[in-house]
Amino acid sequence: MALTESAGTSPQSLYDPTGELLADPYEVYARLRETAPVQRIVGPDGRPAWLVTRYEDVRKSLADPRLSLDKSRALPGGYRGFGLPPALDANLLNMDPPDHTRIRRFVARAFTTRRVEELRGPVRRTADELLDALESGGRTDLVASYAAPLPIVVICELLGVPARDRRDFREWTDALMAPDPARPERMKEAIAAMLAFFTELLAHKRAEPGDDLLSALIAVRDEGEEAGGGTPCDVGAPRGDGGDRLSEDELMSLAFLILFAGYENTVQLIGNSVLALLRHPEQLAGLRAEPGRTAAAVGEFARYEGPALLAIRRFAVEDLTIGGVTVPAGETVMLSLAAANRDPHRFTDPDRLDLDRDTAGQVALGYGIHYCLGAPLARLETEIALNALLERFPRLELDVPYEELRWRPSTRARGLTALPVRL
């Protein structure tokens with residue numbers, strides 16, 4: 001993503017996204033908040049968009065119904081994000097009400113605080129099993145050995161994905177979230193692999209349903225098709241007319257989104273949180289002494305170094321004003337969650353990690369009707385992952401200087417490619 005010098009129509013690039021923005025996005029966003037809080041940019045695909053960086057503007061825009069997630073609202077030639085086949089594209093990240101409302105309520109009850117809390121035991125057991133494979137005094141890449149496998153095991157258990165059918169989703173998510181310009185074919189290969197995986201998975205769950213979320217969603221879809229309406233079930237599907245049921249593409253897209261987003265965000269949140277603690281030894285010591293503080297501290301980790309730099313792109317459905325700048329109908333708007341969470345007009349001393357900070361209002365996982373459905377689960381996994389890790393390895397420290405760490409080359413996701421540590 002390149003920035004422009006003004007809100008004009010002839011943008012000039014200010015920096016290389018693989019350089020300054022990747023190394024320290026917060027410094028770049030801080031300049032923009034002060035000088036050009038609503039800035040015309042060039043998106044990753046070379047097409048124009050608007051970047052919003054001030055907290056007040058971002059939060060209001062996240063809940064503004066005049067900013068649509070529906071790609072059909074985009075002007076021809078505008079930035080639309082990466083393309084997926086229809087069977088994966090009919091998901092909540094591309095929808096507005098009423099379709100968004102209809103589909104979201106099918107799974108809302110699976111992510112309530114009570115239901116997520118019931119996963120505390122299984123999540124802790126998974127964390128302990130992963131840590132059992134590591135040796136005190138040894139070395140490991142904590143992303144590969146811990147932060148990445150933990151959420152995939154948990155989300156696969158929730159969906160009912162058999163262990164034999166699980167894949168290394170990191171390669172697929174990297175191809176989508178951090179594409180390599182030198183290997184454009186990787187994205188197409190990843191999309192094809194995901195489509196084949198979910199097609200096979202749905203067929204398997206239809207043939208051998210279990211007591212899991214995906215089986216329940218398939219039952220809603222199939223029974224609703226037969227009855228001509230929705231069927232009440234454990235995941236909260238309403239009884240209604242034919243407009244309540246899921247289409248086949250919506251079913252597969254929903255399974256894809258739950259697995260993809262449930263994995264992607266949590267990997268980054270766990271890895272970034274560990275790094276933040278290792279760089280702030282006084283905060284690390286305090287959390288070791290009082291592990292009961294970790295649940296509340298996750299909000300600060302998310303604010304300080306959240307898993308996403310940007311929210312999903314939006315499209316203006318009419319001419320509207322954001323931060324005093326007119327955005328024409330049909331143009332793409334990108335909201336910087338990272339910039340909003342470091343805005344000094346909202347958070348005092350925002351570049352300081354403070355585990356006792358009141359983080360109410362932080363937008364790391366969105367806001368409004370598009371707030372991340374899996375946020376309660378991501379917070380629980382991060383809490384448990386941190387407590388289990390700190391309890392097991394009291395001498396945990398970075399194995400390389402901070403400057404040698406590498407961030408994923410993504411303009412949207414904020415996560416490490418690896419986190420080398422000594423245990």
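Which residues does A329 touch, not counting residues up to four places away in sequence? They are L75, A316, V317, E318 and D319. Contact here means heavy atoms within 4.5 Å.

The model is predicted: local features need pLDDT of at least 70, side-chain atom pairs count only at pLDDT 80 or more, and totals for chains, interfaces and linings use all residues. Residues are numbered from 1 along each chain as its sequence is written, and side-chain values use heavy atoms, leaving out hydrogens and water.

**View 1. A329 in the loop between β8 and β9.** The loop lies between β8 (325-327) and β9 (332-335). Strands (E, at least two residues) and helices (H or I, at least four) are DSSP runs, numbered from the N terminus. A329 is partly exposed, with a relative accessible area of 30%. Buried means under 20% relative accessible area, exposed over 50%, and partly exposed in between (1.4 Å probe, protein chains only). E318 is 11 residues from A329 in sequence, yet their C-alpha atoms are 4.2 Å apart.

**View 2. H100 in helix α5.** The helix covers residues 99-107. Is H100 buried or exposed? H100 is buried, at 3% relative accessible area. Its contacts, leaving aside neighbours within four places in sequence, are L92, M95, I369 and H370.

**View 3. Helix α7 packed with helix α17.** Helix α7 spans residues 120-132 and α17 spans 375-392. Their axes are 9 Å apart, at an angle of about 40°. Therefore α7 is oblique to α17. Axes are lines fitted to C-alpha atoms, for helices over the stretch in contact, and angles run from 0 to 180 degrees between N-to-C directions. Under 35 degrees is roughly parallel, over 145 roughly antiparallel, 65 to 115 roughly perpendicular, and the rest oblique. The crossing is right-handed.

**View 4. Residues where α7 meets α17.** From α7 come R120, V123, R124, A127, D128, L131 and D132. From α17 come L380, E381, E383, I384, A388, L389, E391 and R392. By class, this contact has seven nonpolar, no polar and eight charged residues.

**View 5. The chain as the setting for these close-ups.** The chain has 17 helices and 11 strands. Of its 423 residues, 56% are buried. Among contacts between residues at least 6 apart in sequence, 72% join residues at least 24 apart. The accessible surface comes to about 17800 Å², and 51% of that belongs to carbon and sulfur atoms.

Definitions and conventions. Accessible areas come from the Shrake-Rupley method with a 1.4 Å probe; for residues, only the protein chains shown count as cover. A crossing is left-handed if the near helix is turned anticlockwise from the far one by less than a right angle, and right-handed if clockwise. Ala, Val, Leu, Ile, Met, Phe, Trp, Tyr, Cys and Pro count as nonpolar, Asp, Glu, Lys and Arg as charged, and the others, Gly among them, as polar.
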